[in-house]
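Notebook open, model loaded. I'm jotting down what I looked up, in the order I looked.

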Amino acid sequence: MPLVAAGCSQSDDTSGTRYELGALSVVPTDEPYLCEGTLSLLGQEFVRVENALGLSAQMPVTAYLGEEAASDCTSTDNALGCAQFGTEGVTIRSPLTDVFAHEVAHAVRLSRGLWGASVIEEGYAEAVAVGGFPPAPRLPIDPRSVSPGPLSSVRDSLGHADFDYGMAGSFVQWIRTTHGDTPLRSFTESSAFSGTASQRSAENTMASFESAFGQSLTDAESAWRQQGLAGVTTPRYVPVPSHPWDNGVYLRNTLDCANELVRGPSTQDGIEYGFFRIATRIPETSAYSIDFRADPGLVFEMTARCTPQDGVVPADFQAFVVLAPGEAATAMLGACEWAISVVGDLSIGGAFEVDIAPSQPGS
Ligand SMILES: [Zn+2]
């Protein structure tokens, strides 16, 4: 049998595995696979964004996901991600960050023939992206870039480079908060957001705005500026499956990519790491004993996920516990949600046991 000819070019679509998650197909581009926990988070994020928009995808959406996936975006040189029409429906190219959720917003709207004034489209995508994956590094907001604002962006049909995404997200989030989702949906699904570019006009967009919100775009922009340029709130933590606290936590599990509690892979120095991860809420601040028994190579990590009070997380609540297999510790753990992770090389995997229990006085 001859080897496959080196010149036989295939599109990169066929090199990775394709996962079908309802209307969403996922093709990983870093490694040829994704763990169950990452796939389920992608599925949750897709549905979360559909719900935030009040729309469902009307054609298949294929997402190429990985560190360099956005380098295949055709639109701009330095895009963090993109959503475009393709031969297979709508395609997303993005890293595994909240850029994915941003592009899902574009993709779901594109699948229904909805797109329009960039400042609204980008602001809407920014506003609904908050929630799941960790935020991507974004350029800091330069106050000078806040002008021109929504009004001139709509009026002048400015392209992507001419306004700040943080500003756009802030404006649309202000609209959502002030007026609610219903008029926002009626505006963003109006004739100002359908048809071809040549069928659009700034006048139609501004008239649609006023009809939806009972306020002109000019007045809305001044009110938003007067109330400050608050950015879209960024979540501090990626959501993690919760595990009940039953006078302690007693885990018996394995680091295996097929396990729905394992996310990954994340490749560093050639090693494909996986992360078993749950969160549990410890009811009271106290001393707890922590035991970690595991196959070699696994590492236990425990981090507090407290809501800061008065903007400050108390020192006790910032404990960070790291254990190697066979190690045990006693630590003061605050009454917080705690993320419990077991990390290791997915090609080796391994079984582990974690016991966290109130420390016995005097022991
Ligand atoms: Zn965008």
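Started with helix α2, residues 98-111: at 1.5 Å a residue its 14 residues should span 20 Å, and the end C-alpha atoms are 20 Å apart, so the two agree. For the record, the expected span is 1.5 Å times one less than the number of residues. Helices here are DSSP runs of H or I with at least four residues, strands are runs of E with at least two, and both are numbered from the N terminus.

Before going on, a note on the source: this is a predicted model, where local features need pLDDT of at least 70 and side-chain atom pairs count only at pLDDT 80 or more, while totals for chains, interfaces and linings use all residues. Residues are numbered from 1 along each chain as its sequence is written.

Is α2 covered or open? I found it mostly covered, with 14 of its 14 residues buried. Buried means 20 or more other C-beta atoms within 10 Å of the residue's own; 12 or fewer is exposed, anything in between is partly exposed, and C-beta atoms are placed from the backbone. Just after α2, I noted G113 with a positive phi of about 70°.

Zoomed out for the totals. I get 8 helices and 14 strands in the protein, and buried residues make up 37% of its 363 residues. Of the contacts between residues at least 6 apart in sequence, 71% join residues at least 24 apart. A contact here is two C-beta atoms, placed from the backbone, within 7 Å.

Next, the open sheet. Its 4 strands run in the order β6-β14-β9-β12, with antiparallel pairing. β6 (249-255) and β12 (328-333) are at the edges with a single partner strand each, so one side of each has no neighbour in the sheet. Neighbouring strands are turned by 20° against each other on average, direction ignored. That uses axes fitted as lines to C-alpha atoms (for helices, over the stretch in contact), with angles from 0 to 180 degrees between N-to-C directions. Pairing needs at least two DSSP bridges between the strands. I checked β6 against β14 (residues 350-358): 7 bridges, antiparallel, with R252 opposite E353.

Then the β7/β8 hairpin. β7 (residues 262-268) and β8 (residues 271-281) run antiparallel and share 5 bridges. Q268 stands opposite I271. There are 2 residues between the strands, and D269 takes a positive phi near 50°. β8 also pairs with β13 (residues 337-345), antiparallel over 9 bridges, and there I see A279 opposite A339.

From β13 I moved on to β10, which is joined to β13 by 7 bridges, antiparallel; R305 sits opposite E337. β10 pairs with β11 (residues 320-323) as well, antiparallel over 4 bridges.

Last stop, E301, in β10 (residues 299-305). I put E301 down as partly exposed, because it has 16 C-beta neighbours inside 10 Å. What stands opposite E301 in β11? V322 does. Leaving aside neighbours within four places in sequence, E301 is in contact with V322, S341 and V343. V321 is 20 residues away from E301 in sequence but 5.6 Å away in space, C-alpha to C-alpha.
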